[in-house]
Amino acid sequence: MRTLQQKVDQASVFLHCTFPEPRVNYRQRGTAAGSARLHDWEIRLNPVLLIENQQAFIDEVIPHELAHLLVYHQFGKVAPHGKEWRYIMETVFKVPANRTHQFSVRSVLMQSVCSKTFVYCCHCQQHELSIRQHNKVLRGKSCYVCRQCGERLTFLNPSSL
């Protein structure tokens, strides 16, 4: 939380605009480290990956998700990892603009299998599908598409990692 407030203050000074500290919750699931809920001014963090990668969360994930909120506030709806987001990451926060994390996701994938959800991925993120949705895919009755990038979701099989 201290890092989050420091980053908010850093952005406020750099951009000459006062930003409130976003709400943080620890309900992000699946293999995503975090996500930004733009309209709610909220950051969701994955508690399992946070515990396993504490310093990387402080150094990378917090600025990454905060940058999404700041970009939305400053520029409106733009590409999620576009030039505006890269600008905030690299120029304001002085953090490499990595779109995805490199954390081991084995523990969260095993949790997903045990809790009857299945991890699918597209070009831009991971998605959790219920056992009902997964079974529809297996039977060829449905295919799912990412709402952000429009790519068809593919199953990320934990046994192939």
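Asparagine 46 counts as buried, at 2% relative accessibility. Buried here is under 20% relative accessible area, exposed is over 50%, and partly exposed is in between, with a 1.4 Å probe and protein chains only. A word on the model: it is predicted, local features need pLDDT of at least 70, side-chain atom pairs count only at pLDDT 80 or more, and totals for chains, interfaces and linings use all residues. Residues are numbered from 1 along each chain as its sequence is written, and side-chain values use heavy atoms, with hydrogens and water left out.

Back to asparagine 46. It sits in the loop between β3 and α2 (47–52). Helices (H or I, at least four residues) and strands (E, at least two) are DSSP runs, numbered from the N terminus. What does asparagine 46 touch, beyond neighbours within four places in sequence? Gln28, Arg29, Gly30, Ala32, Ala33, Phe57 and Val108. Contact means heavy atoms within 4.5 Å. With glycine 30, a polar atom of the asparagine 46 side chain lies 2.8 Å from the backbone oxygen.

Now the sheet. It is open, three strands, order β1-β3-β2, mixed pairing. The edges are β1 (23–25) and β2 (34–37), each pairing on one side only. Twist averages 20° from one strand to the next; axes are lines fitted to C-alpha atoms, for helices over the stretch in contact, and angles run from 0 to 180 degrees between N-to-C directions. Strands β1 and β3 run parallel, joined by three bridges. Pairing takes at least two DSSP bridges between two strands.

Last, glutamate 42, in strand β3 (residues 42–45). Glutamate 42 is buried too, at 9% relative accessible area. It is the bridge partner of arginine 23. Its contacts beyond four places in sequence include Arg23, Asn25 and Leu69.

How values were computed
A polar contact is a pair of N or O atoms within 3.5 Å; within protein, one must be able to donate a hydrogen and the other to accept it, and residues adjacent in sequence count only if both atoms are side-chain atoms.
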